[in-house]
Amino acid sequence: MGRRPVFRVLSALVAALGVAAMTAPPASSASGFDLDSADIPALQARMASGRLTAVGLTRAYLDRIRAVDPRVNAVLALNPAALAQAAASDVRHRTGRVRGPLDGIPVLVKDNVDTRDQPTTAGSRALRSRPAADATLITRLRDGGAVILGKANLSEWANFRAAKPTSGWSGVGGQTHNPYVLDHNPCGSSAGSAAGVAASLAQVAIGSETDGSIVCPAGMTATVGHKPSLGLVSRTGVVPISAEQDTAGPIARNVVDVALTLSVLQGRDPSDPATALYPPTQPTDYAKLLRPGSLRGARIGLWRLPVLGPDTDAVMSRAKDSLVKAGAQVVEVTLPYQDRLGELEFLALLTEFHRDIDAYLAKRPSGPRNLADLIAYNRADPLEQTCFAGQELFEQALAAPGPDDPGYRAGRAELSDLARRSLDETLAKYHLDAIASPTNPPAWKTDCATGDDDVIPSSTPAAVAGYPDVTVPAGFVGPLPVGISFMGARWSDGRMLALAADFERVAPARVPPSYLPELPPAPVSGP
């Protein structure tokens, strides 16, 4: 009930300030329902009753992509087999053989996740080829009946190439734009996944994260993003940065769609040793945990992060009020060890990227075989030098100590220990169920000359520790979204989703994007 009135207020504000929104077709389908607000349970109910087909739903999203994506540039490539996959789903629906809640649901996949029937490029022109096999998570999506709609653009090499990258840019796909203000950044590296979902170009998208690459784009595009506990979702077939931190997870417009998608993605994989620690008691249906009232009696630690600015802090103050009204006890906290985490993380990732990208490339049927080959390719391709002008991180990784180096091993051990302690000690000291923090500041203006303005420390503790992080929309600064993240102990993904869903219920903040070409001018102050 709070969605449309807020949208009208924002639209009136934009009109009063003299900046016209770029007109976009309404997110409605031929079957008469709103793509933007429909969740997976509602879509499955329509398919079960015969009022909707998977082919009709997929066509609605393909039409939406053709109409809207030219201004957002979130979709790198469509899957030619999408309609055939949807038709197969319709047969299953008619014959009572539905595979689960994702059967017939269109999913956009970040283009660093291997798909056997489409190229997987990580955004790099050096990698324009098909991998040998699907990533494990793609196999699980296919087994669940999902329609693989296509590949989403991303920050090239998941933002691990240049010292000053521009999030959302890749040599293959160009620049993805924030659908709320088009000349502003969607954050990275899962830029296309988040912007595509925000613009209603897919029902769900898959992102990946080493540190912030799911939650930051989701926060900046008013979507829900879940960075799972390390080992909950297989990384086999996902272009790596670091086996110690990488994971993949879902992005959607609501928590229930994220929970349903995670239920399909999660589970052990013999090819990914991290999943061997997956607890046998872990839930298999996360949507069942999303009960109204989950915040009542919960103890939430609020980590404000004033470095993100007073406007973001004001959004957090309003979020705190909503948490309290929902029955939560809110304690303000500051997480320890953060400066040391920042010092250690970068050095560890250099070594791990060299190790892991070489291992990944060696398994590709064609193309560069190692990091040195990638560096040579980038030096020879002028287009690869147009926005990510440098490749300083590649070069530093090539020269970094190897994984057996005692200095690296000691640094990684200290880094992982401090990240876990920063969360565990804070949770224990204040008897907390979760730690909440601002996911992001308002998006900055995209500028290839200067790169990102991305001092966003909130994602680092959970990312390095391998603990869950769920972001939901919290509010807006002008027309730009700000998210709130819920972080907890490892394997507490279900609890974090339940708290996030209850926050979404009691403080609905998301409104559809208006595709403003630029920020409205600041109001003129009086004499």
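A: Start with a cut-off. A residue is buried when its relative accessible area is under 20%, exposed when it is over 50%, and partly exposed in between. Keep in mind that this is a predicted model.

Take Glu 156. Its relative accessibility is 0%, so Glu 156 counts as buried. Its salt-bridge partner is Arg 161, and the closest N and O atoms of the pair are 2.9 Å apart. Arg 161 is at 1% relative accessibility, so Arg 161 is buried as well.

Most residues other than glycine have a negative phi. With a relative accessible area of 16%, Asn 159 falls under the cut-off and is buried.

Now widen the view. The structure holds 26 salt bridges. One of them pairs Asp 381 with Arg 125, with the closest N and O atoms 2.7 Å apart. Asp 381 lies in the loop between α11 (371-380) and α12 (392-399), while Arg 125 lies in the loop between β2 (106-110) and α5 (136-143), so this pair ties together parts that are 256 residues apart in sequence. Asp 381 has a relative accessible area of 6%, which makes it buried. Arg 125, at 23% relative accessibility, counts as partly exposed.

Next comes a pair within a helix. Glu 425 forms a salt bridge with Arg 421, and here the closest N and O atoms are 2.8 Å apart. The two residues are 4 residues apart in helix α13 (residues 406-429), so about one helical turn separates Glu 425 from Arg 421. Glu 425 is at 33% relative accessibility and counts as partly exposed. Arg 421, at 32%, is also partly exposed. Salt bridges can share partners too: Arg 116, Asp 117, Asp 134 and Arg 142 are joined into one network in that way.

On to helix α5. Ile 138 lies in that helix. Its relative accessible area is 0%, so Ile 138 is buried. What does Ile 138 touch, leaving aside its neighbours within four places in sequence? Its contacts are Val 109, Val 113, Asp 114 and Thr 115. Leu 361 sits elsewhere: it is 223 residues from Ile 138 in sequence, and the C-alpha atoms of the two are 19 Å apart.

Gly 301 is another residue to look at. It lies in strand β9 (residues 299-302). Its relative accessible area is 0%, so Gly 301 is buried. Leaving aside neighbours within four places in sequence, Gly 301 is in contact with Val 331, Val 333, Leu 432, Ala 434, Ile 435 and Ala 436. Leu 427 is 126 residues away from Gly 301 in sequence, yet the C-alpha to C-alpha distance is 7.8 Å.

Now the backbone. Most peptide bonds are trans. The bond that joins Gly 188 and Ser 189 is cis, with omega about 10°. Ser 189 is found in the loop between β5 (174-175) and α6 (191-198). Asn 73 has a positive phi of about 60° although it is not a glycine. Asn 73 is located in the loop between α3 (54-72) and β1 (75-78). At 23% relative accessibility, Asn 73 is partly exposed.

Finish with a helix pair. The axes of α8 (residues 255-265) and α15 (residues 493-506) come within 9 Å and cross at roughly 160°. Angles over 145 degrees count as roughly antiparallel, so α8 and α15 are roughly antiparallel to each other. Their crossing is left-handed. On the α8 side, Val 255, Val 258, Ala 259 and Leu 262 make the contact; on the α15 side, Leu 497, Ala 500, Ala 501 and Glu 504 do. By class, that contact has 7 nonpolar, no polar and 1 charged residues.

Technical notes:
Residues numbered from 1 in each chain as written. Predicted model: local features only at pLDDT ≥ 70, side-chain atom pairs only at ≥ 80, totals over all residues. Heavy atoms only, no water. Salt bridge = Lys/Arg side-chain N within 4 Å of Asp/Glu carboxyl O. Buried < 20%, exposed > 50% of the residue type's maximum accessible area, 1.4 Å probe, protein only. Axes fitted to C-alpha atoms, helices over the stretch in contact; angles between N-to-C directions. Parallel < 35°, antiparallel > 145°, perpendicular 65-115°, else oblique. Left-handed = near helix turned anticlockwise from the far one by under 90°. Contact = heavy atoms within 4.5 Å. Nonpolar A, V, L, I, M, F, W, Y, C, P; charged D, E, K, R; others polar.
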